[in-house]
Amino acid sequence: MEVRWISARGRGNDVGIKDRKMTGIFLDVTGRKNAEERHELPAGEMSHRVKNLLAIASGLTQITSRSSASVEIMTKQLTGRLTALGRAHDLVRPLSNGQGNAALLGDIFTVCSHHMMMMERSQGGSG
């Protein structure tokens with residue numbers, strides 16, 4: 001048995017219930033409801049991912065603020081860390097249409113090591 005979604009629109013008179021008259025239409029909205037349900041799963045997943053990204057950005061901001069001597073240094077460090085995170089994401093994300101594969105752990109380590117080395121140089125050797 002197939003379940004269908006129906007939307008009813010009409011006018012009627014409920015006074016006395018007996019011999020009531022009603023006029024209106026019934027619309028089959030099953031297609032619309034199915035489309036809404038198909039959209040809800042990716043929308044929920046997207047919301048979850050955005051919240052995760054904001055939590056990561058917040059954590060990086062807190063970590064960076066603890067080791068920064070000035071706002072300028074913090075800005076530079078935080079920008080560098082976010083850039084490195086973006087590069088690492090590009091490495092682990094499989095590419096669409098057969099354009100390539102995800103990177104190996106060694107590739108990610110290389111990108112992160114390069115970032116750390118650049119940060120040390122910009123701070124005059126301190127971590």
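Predicted model: local features only at pLDDT ≥ 70, side-chain atom pairs only at ≥ 80, totals over all residues.
Local features require pLDDT of at least 70 and side-chain atom pairs count only at pLDDT 80 or more, while totals for chains, interfaces and linings use all residues. Residues are numbered from 1 along each chain as its sequence is written, and side-chain values use heavy atoms, without hydrogens and water.

Helix H1 spans residues 30-66 and helix H2 spans residues 71-92. Helices are DSSP runs (H or I, at least four residues), numbered from the N terminus. The axes of H1 and H2 come within 10 Å and cross at roughly 140 degrees. Axes are lines fitted to C-alpha atoms over the stretch in contact, with angles from 0 to 180 degrees between N-to-C directions. H1 and H2 are therefore oblique to each other. Angles under 35 degrees count as roughly parallel, over 145 as roughly antiparallel, 65 to 115 as roughly perpendicular and the rest as oblique. Residues in contact (heavy atoms within 4.5 Å) include Ile56, Leu60 and Ile63 of H1 and Met74, Leu78 and Leu82 of H2.

Ile63 lies in H1. It is partly exposed, because its relative accessibility is 44%. Its C-alpha atom is 9.8 Å from that of Met74, 11 residues apart along the chain. Ala88, in H2, is buried, with a relative accessible area of 14%. Buried means under 20%, exposed over 50% and partly exposed in between (1.4 Å probe, protein chains only). The C-alpha atoms of Ala88 and Thr110 are 9.7 Å apart.

The charged end of Lys33 sits over the ring of Trp5, 4.5 Å from its centre. This term requires NZ of Lys or CZ of Arg within 6 Å of the ring centre and within 35 degrees of the ring normal.

Key
Helix = DSSP H or I, 4+ residues; strand = E, 2+ residues; numbered from the N terminus.
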